[in-house]
Every structure is written in structure tokens, then in C-alpha cells.
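Visitor: Please take me in for a close look at one part of this model.

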Amino acid sequence: MEDGEEREWGAKAWTYLSSVRSLSPLIQCITNFVSMDLTANTLLSAGASPAMLHSPNESPDFTPQVNALYINVGTLSDNWLPAMELAAQLASKLNKPWVLDPVAAGASRFRLKACLDLISLKPTVIRGNASEIIALAKASFPSTKGVDSSHDSTDAVEAAKSLANSSGAVVAVSGAVDFVTDGNRIVGARNGVPMMQKITATGCAVTALIAAFVATDPSHAMEATASALAVFGVAGELGMETARGPASLRTHLIDSLHGLDQTAVISGVKITAI
Ligand SMILES: Nc1ncnc2c1ncn2[C@@H]1O[C@H](COP(=O)(O)OP(=O)(O)OP(=O)(O)O)[C@@H](O)[C@H]1O
Ligand SMILES: Cc1ncsc1CCO
Ligand SMILES: [Mg+2]
């Protein structure tokens with residue numbers, strides 16, 4: 001039964017990746033300085049079109065043209081927050097999907113409030129690591145070590161459900177198992193390799209990939225989110241076969257994502273209902 005379910009998800013994930021490749025959705029990324037390169041290269045290797053435009057002077061012209069918006073608070077500063085809020089407001093008003101990565105949400109009061117304010121602007125999807133999702137669900141500070149998680153993703157399943165219910169967003173928690181919930185259903189994706197945690201911004205990059213997958217099918221955000229996480233994980237697994245450490249895995253992951261074929265996706269994706 002599980003095998004059939006996994007293959008069905010594999011076929012779905014392949015459909016999403018194929019759509020990203022054929023439609024090449026334009027993704028506006030307002031993201032942190034650390035992640036910009038990996039995020040843009042991840043989107044390009046998946047077939048999407050990244051644009052790192054963040055000025056509030058540009059968003060009124062640019063956000064209406066994009067297929068999805070991605071906001072990541074990793075290197076948050078006073079003057080970037082209004083730019084994020086403006087773009088999120090525009091996306092919500094235009095009914096465009098937008099995806100939030102709440103990096104280090106519980107590391108400071110400023111960051112926690114910024115994330116909660118952004119969540120009030122109705123993101124389609126929120127993807128964080130376990131500590132970030134727990135911090136948001138509890139709205140508590142201090143609750144994380146920094147940008148890295150000090151919890152397992154399984155510790156954050158209830159927090160993810162509660163955040164999905166309070167926000168209306170699909171919530172994804174990354175980790176050894178990536179969990180995705182709409183507050184009601186939960187699925188788990190068991191792809192990826194632990195070494196992915198040793199490359200900075202793989203979480204940021206997969207959140208951007210989620211935005212690209214959701215852009216192709218905004219009314220099925222949960223399916224698109226789980227598929228993006230699993231496909232990125234499969235690329236990591238294939239990349240790891242020839243990598244010698246984090247630096248070469250980074251390169252090989254991007255190459256693998258670019259080269260993924262139907263067989264690799266359908267046989268590699270390990271998504272099941274929880
Ligand atoms: N133990 C693990 N086994 C397999 N894959 C993992 C493991 N931990 C994380 N991953 C994968 O690594 C990627 C990044 O997840 P992680 O939870 O490290 O994000 P993050 O903490 O937000 O990262 P960053 O802030 O550096 O961008 C995801 O695709 C996730 O599935
Ligand atoms: C290391 C780091 N610091 C702020 S953002 C970022 C990238 C991973 O989230
Ligand atoms: Mg992160």
C-alpha cells in the first residue's frame with residue numbers, strides 16, 4: 001500500500017517538476033544575502049526564473065508580473081522589512097501565491113514580531129526548520145539557537161498544525177522527515193541526506209523551490225510543497241553519491257536537480273500520509 005502511495009506521489013512530483021520546466025515561473029525573491037546565490041541557482045536548475053528584486057520602489061511595478069513571491073527574513077534589517085511587507089501586501093491583493101521562510105524566527109523580539117506581522121499578510125506557505133515553526137506557533141522568544149534547528153522535525157508536528165490553523169497557510173517543517181500540513185492533513189517526505197544541513201541556505205533554497213512549484217498550481221499548495229521538498233531531497237541523495245563533502249554536495253545537488261528524469265523522481269520520491 002505504502003509503495004503505491006509513494007509512486008502516486010512520485011508521479012505527482014514529476015508532474016510539478018515538468019510544469020516548472022515548461023512554464024518557467026517568474027519568482028520574485030526577497031531573501032537574505034547568504035542565500036541569494038544558492039537560491040537563484042536552485043530555481044534556475046529546476047527550470048524556474050528567479051529575480052532578486054526587493055526595492056519598495058520597484059515592487060508596485062514588478063510584483064504584478066511575477067508568478068509567485070518568496071520572502072525570507074534571514075538577514076533582516078529595519079529598511080528591508082517595509083519592502084517585504086509591501087511586496088506581501090501586493091501579492092495577497094493580486095491573489096498571487098507567496099511563501100515565507102521565517103529564518104531564526106525565535107532569535108530576537110524584532111524578528112519574531114516581523115515574522116508574525118508577515119504571517120498576518122496571509123502567506124500561501126510557511127517553511128521553516130523545527131525550532132522556527134515551534135517559535136512561531138508559541139510566539140515565544142528566546143526559543144532558537146540561531147538559524148540552525150535545535151529540535152527534530154517530529155518535535156514540531158503539533159506546532160505546524162497549530163500554525164497552519166491559526167494562519168490559514170500550508171506549513172512545512174524541514175528535517176530528516178519534511179512534514180507538510182494544512183492543519184488537517186499531514187504528509188511526510190523522507191528524502192534528502194543529513195549533509196544538506198552542512199550547506200548554508202539549503203533550507204532557504206528549498207523554500208524558493210516550493211514557491212516555484214506552488215506557482216504552477218496555487219490551488220494545491222500542500223501537494224506542490226510536499227513535491228518540492230521531496231524533489232530537492234532526491235537531488236540531494238543523487239548529489240551525495242559523488243560528493244566528497246558539503247562544498248561538492250552543493251555543486252552536485254544543483255547538477256542533479258537540473259538532470260532529474262522521470263524514473264529518478266518517480267522511484268525516488270518518498271512521500272506518505274502521516
Ligand atoms: N537529517 C536530515 N536528513 C535528510 N535531509 C535533511 C536532514 N536535515 C535537513 N535535511 C534537508 O535539508 C534541507 C534544509 O533543511 P534544514 O532543516 O536544514 O533547513 P534550515 O535550517 O532552514 O536551513 P538554512 O537556514 O541553512 O537554509 C531540506 O531539504 C531538508 O529536507
Ligand atoms: C547563516 C545565516 N544567517 C542569516 S541567514 C543565514 C542563511 C541560512 O539561513
Ligand atoms: Mg532556514
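How do the residues of the shell around ligand 2 divide into nonpolar, polar and charged?

Guide: They divide into 5 nonpolar, 5 polar and no charged. Nonpolar means Ala, Val, Leu, Ile, Met, Phe, Trp, Tyr, Cys or Pro; charged means Asp, Glu, Lys or Arg; the others, Gly among them, are polar. This is a predicted model: local features need pLDDT of at least 70, side-chain atom pairs count only at pLDDT 80 or more, and totals for chains, interfaces and linings use all residues. Residues are numbered from 1 along each chain as its sequence is written, while chains are lettered from A and ligands numbered from 1 in the order in which they are written.

Now the names. N32, V34, S35, G74, T75, V103, V147, T200, A201 and C204 surround ligand 2. Each has its C-beta atom, placed from the backbone, within 6 Å of the ligand.

Next, the sheet. It is open, with 9 strands in the order β2-β1-β3-β4-β5-β6-β7-β8-β9 and mixed pairing. Strands (E, at least two residues) and helices (H or I, at least four) are DSSP runs, numbered from the N terminus. Two strands pair if DSSP finds at least two bridges between them. β2 (49-51) and β9 (271-273) are the edges; each has a single partner strand, so one side of each lacks a neighbour in the sheet. Further in, β3 (residues 68-72) and β4 (residues 98-101) run parallel, joined by 4 bridges. There, N72 faces D101 in β4.
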